[in-house]
Amino acid sequence: MDFTLPAAIAAKLAELDAFIAAEIAPLQAAHPQYFDHRREHARTDWDQDGRPRREWEALLAEMRRRADAAGHYRFALPKALGGQDGSNLAMAAIREHLAAKGLGLHNDLQNESSIVGNLPLVHILHRFGSAAQKALLEGMITGAVRVGFGLTEPAHGSDATWMDTTARRDGGDWIIEGVKRFNTGLHDATHDLVFARTAGKPGQAKGITAFLVPTGLPGFEVPMLWWTFNMPSDHAEVRLNGVRVPPEAIVHHEGEGLALAQYFVHENRIRQAASSLGVAQYCIDESVAYAKQRIVWGKPLSVNQAIQFPLAELHTEAEMVRNLVYKTALALDQRHHMQVSDRVSMCNYRANRLACEAADRAIQVHGGMGYTRHKPFEHIYRHHRRYRITEGAEEIQLRNVAGHLFGFLGGNRTG
Ligand SMILES: Cc1cc2nc3c(=O)[nH]c(=O)nc-3n(C[C@H](O)[C@H](O)[C@H](O)COP(=O)(O)OP(=O)(O)OC[C@H]3O[C@@H](n4cnc5c(N)ncnc54)[C@H](O)[C@@H]3O)c2cc1C
């Protein structure tokens, strides 16, 4: 057993550091308002229902353009799409490394935007899409084509298999009826991957079909954005009022759409965990540094065990989570993702919880300054609090772990 990060991955991290210093840090320095205490206001167009300001999204697009030109953005994509087939292990190491640098243009997690793209929908269409759907892939990578993921509904989130959205045949076409909630990116998406029941009963996984729906079609409406803990918001309500699509809109097979959703969350859950781990380590390291230089009662704050011990515990937890994330990412590279889904769930809920606890502790160690927006911890806390809900909430991850532990979802896989 060797716990050393492979040399090629370590070299990639060094390469990314050099790229950030040369091309991203100067761009960030020219636009400080998006990263300092003004960040929430600078990023949010309050008069346009709280959506991201165009200038902020343009800056993110320029970051991605530079990263793509330098050969980093497509790292995790298949070679056929100009990528490098980056492994799950490499992506875990990269996501952790970038998040551990703190808030910055190199890795803006609030927008899931990074110099190394995390593009699960590109993977999905590349793997499951028809030739016509694959023709959209290059645009999806460059940002010309923007696709949302419409699974959650007002009455169903964790229990998505109970969804109310339906699609029925009408001649050769399909007519979609329903409402989707928290459909991220639908403030300016060109397409939405809409999940609808086409057969079967509520609760059944089979019978749900995924449709790639152009957002400009008649009956496709975006009435509002949900304002969230961290703003801006691109988390839309979507109404599908009899939206007519041809059979070519189906991605993968009729009735088999849930396989796509499972693929999506597995890609995202482990990467989210790695990011949460990195940001937790950032909060810990910043707190240690601050406690060493802050003088309270005539002594460095750091001499107090009440300051040291909570940080020592978080540091220990981070090391445990790191080993689990790397081990699971390696297993994902070697086995089918459904064979390690309980491990992915373990990583996800522990890492996301750790990020929130570390950000909260960092606020405490920094005292009044920690509570201000001049420090990044409130932003980190508010963003990562979301991760405890979105890729399947914490309870849903635990349900998956327990399902294998108790044998309801197949054997106990520990070991
Ligand atoms: C910022 C944001 C972005 C999002 N983006 C998207 C997106 O792009 N596309 C999309 O489809 N969805 C998106 N979502 C929706 C997200 O996936 C759901 O909110 C999530 O799956 C939880 O569903 P719910 O909100 O309906 O909660 P519910 O399913 O109603 O659950 C409520 C609470 O009960 C818990 N719970 C549920 N079942 C059990 C149980 N059996 N035992 C114990 N506890 C249980 C849940 O964990 C949760 O804490 C987003 C949500 C947010 C907040």
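In strand β5 (147-150), Val147 and Phe149 point one way and Gly148 and Gly150 the other way, and all are buried (20 or more other C-beta atoms within 10 Å of the residue's own, with C-beta atoms placed from the backbone; 12 or fewer is exposed, and in between is partly exposed). The model is a predicted one, in which local features need pLDDT of at least 70 and side-chain atom pairs count only at pLDDT 80 or more, while totals for chains, interfaces and linings use all residues. Residues are numbered from 1 along each chain as its sequence is written. Helices (H or I, at least four residues) and strands (E, at least two) are DSSP runs, numbered from the N terminus.

**Domains**
- The protein is divided into domain 1 (7-120), domain 2 (147-251) and domain 3 (260-405), with bounds taken from an automatic or database domain assignment.
- The C-alpha centres of domain 1 and domain 2 lie 28 Å apart.
- Nine residues of domain 1 are in contact with nine residues of domain 2, contact being C-beta atoms, placed from the backbone, within 7 Å.
- On the side of domain 1 that touches domain 2, α2 (39-43), β1 (44-45) and β2 (51-52) each give two or more residues.
- That side of domain 1 has one nonpolar, three polar and five charged residues; Ala, Val, Leu, Ile, Met, Phe, Trp, Tyr, Cys and Pro count as nonpolar, Asp, Glu, Lys and Arg as charged, and the others, Gly among them, as polar.

**Ligand shell**
- The ligand is surrounded by 20 residues, of which the closest are Leu151, Gly157, Ser158, Thr184 and Ala393; a residue is near a molecule if its C-beta atom, placed from the backbone, lies within 6 Å of it.
- Two or more residues of this shell come from each of β5, β7 (173-184) and α13 (394-405).
- The shell comprises six nonpolar, ten polar and four charged residues.
- Because domain 2 and domain 3 both give residues to the shell, the ligand lies between them.

**Strand pairing**
- β5 pairs with strand β8 (residues 191-197) in the parallel sense over four bridges; strands pair if DSSP finds at least two bridges between them.
- Within this pair, phenylalanine 149 stands opposite leucine 193 in β8.
- Strand β6 (residues 166-170) and β7 pair in the antiparallel sense over five bridges, and threonine 166 stands opposite glutamate 177 in β7.
- The hairpin of β6 and β7 has two residues between the strands, and glycine 171 there takes a positive phi near 65 degrees.
- β7 also pairs with strand β11 (residues 235-245), in the antiparallel sense over nine bridges.

**Nonpolar core**
- The largest nonpolar core has 99 residues, and those with the most contacts inside it include Ile176, Phe211 and Ala280; such a core is a set of buried Ala, Val, Leu, Ile, Met, Phe, Trp, Tyr and Cys residues joined through C-beta atoms within 7 Å.
- Helix α10 (residues 341-365) gives the most to this core, with 13 residues.
- Isoleucine 176 has valine 243 as its bridge partner in β11, and its contacts beyond four places in sequence include Thr165, Phe211 and Val243.

- Alanine 351 lies in helix α10 and counts as buried because it has 29 C-beta neighbours inside 10 Å.
- Beyond four places in sequence, alanine 351 is in contact with Ala273, Ser276, Leu277, Val321 and Val325.
- In helix α12 (residues 377-387), eight of the eleven residues are buried, among them Phe377, Glu378 and His379.
- The cover over the buried residues of α12 includes α2, α8 (258-293), α10 and α11 (367-371).

Key
Two residues are in contact if their C-beta atoms, placed from the backbone, lie within 7 Å.
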